[in-house]
Amino acid sequence: MKWFGKGSDNVEDARGLSGGKTMLGGGIGLIIIIAGLFFGTDLTGLVSQLPLGETSQAEVKKGSNNDPEIKFVSGVLESTEQVWDEEFSKMGKTYVHPKLYVFTGSTPSACGFAESAVGPFYCPADRKVYIDLSFYKEMKDRFGAAGDFAQAYVVAHEVGHHVQNLLGIAEKVERARGSLSKTEYNKLSVKLELQADFLAGLWANHAQKLKDFELDPGDLEEALTAANAIGDDNLQKQSSGQVVPDAFTHGTSAQRVYWFKKGFDTGDINQGDTFSSTRL
């Protein structure tokens with residue numbers, strides 16, 4: 001893929017920072033450990049449970065477009081801003097742009113202190129997408145999901161969680177948590193994640209129509225390879241050799257591919273109701 005725009009102003013580059021104070025409330029560093037979650041970690045339910053993190057905002061700098069890695073994610077983010085500005089306008093709403101926070105190793109956030117091992121995640125409390133760019137190397141080496149469009153899919157999926165947050169979808173799912181068993185809540189989590197995959201596909205559909213965006217041959221296949229690689233069934237096989245459907249939180253490889261492809265093929269947000277769909 002190619003992006004010819006100037007890039008988003010909403011990228012914060014915190015790589016190399018010590019992090020300063022990591023947590024409020026006595027300074028105890030709580031590490032969020034979420035096993036098996038690599039794309040689309042949903043931290044919504046942790047917002048009310050963890051103390052807010054302190055970020056040294058004076059040290060965080062705007063992403064520089066002279067850095068190829070930052071230039072890339074900044075361009076992807078800018079394309080999502082343009083697509084979702086238009087989609088929200090169609091709904092009579094205003095799209096509030098999220099921040100993309102790039103860190104190395106570990107970082108405090110409004111959803112608690114997180115290490116890069118949790119993978120990219122969206123924090124609804126501060127409306128930021130967090131990513132350690134070394135994750136892209138893990139995508140390639142561990143999951144065989146290489147390519148710039150596969151990397152763009154990661155950002156677009158997390159932005160999909162931001163869209164769900166703005167539309168109140170994530171909040172409804174979180175409210176249901178207290179009245180459901182873990183197994184039943186996991187099923188809701190799967191639907192939330194698959195919808196974020198759909199929204200990433202929708203972004204790809206509309207992004208290719210932007211004047212500054214250009215798809216290259218094989219780009220779509222890169223995203224589908226990534227979606228297939230990080231299904232719950234595939235991850236469970238890798239980690240334990242067994243597949244436990246009741247423990248799924250993101251959906252199978254086939255489901256993730258299906259919903260991303262549906263978003264890409266239709267480009268219609270009305271087709272992305274994973275919560276009432278029987279295709280799960």
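**Close-up 1. Thr-107 sits in strand S6, residues 106-109.** Strands here are DSSP E runs of at least two residues and helices are H or I runs of at least four, both numbered from the N terminus. This is a predicted model, with local features needing pLDDT of at least 70, side-chain atom pairs counting only at pLDDT 80 or more, and totals for chains, interfaces and linings using all residues. Residues are numbered from 1 along each chain as its sequence is written, and side-chain values use heavy atoms, with hydrogens and water left out. Thr-107 counts as buried because its relative accessibility is 2%; buried means under 20% relative accessible area, exposed over 50%, and partly exposed in between (1.4 Å probe, protein chains only). Setting aside neighbours within four places in sequence, Thr-107 touches Tyr-101, Gly-112, Phe-113, Ala-114 and Tyr-130, where contact means heavy atoms within 4.5 Å.

**Close-up 2. Helix H2 (residues 135-143) buries Phe-135, Tyr-136, Met-139 and Phe-143.** Down the axis of H2, these buried residues fall within an arc of 110 degrees, so they line one face of the helix; the arc is taken from the directions from the helix axis to the C-beta atoms. On the face turned away from that buried side are the exposed Lys-137 and Lys-140. Next after H2 comes Gly-144, with a positive phi near 65 degrees.

**Close-up 3. Helices H1 (residues 68-90) and H5 (residues 182-207) pack at about 95 degrees, axes 10 Å apart.** Axes are lines fitted to C-alpha atoms, for helices over the stretch in contact, and angles run from 0 to 180 degrees between N-to-C directions. H1 and H5 are therefore roughly perpendicular, the label for 65 to 115 degrees. H1 brings Val-76, Ser-79, Thr-80, Val-83, Trp-84, Glu-87 and Lys-90 to the contact, while H5 supplies Leu-199, Leu-202, Trp-203, His-206 and Ala-207.

Technical notes
Parallel < 35°, antiparallel > 145°, perpendicular 65-115°, else oblique.
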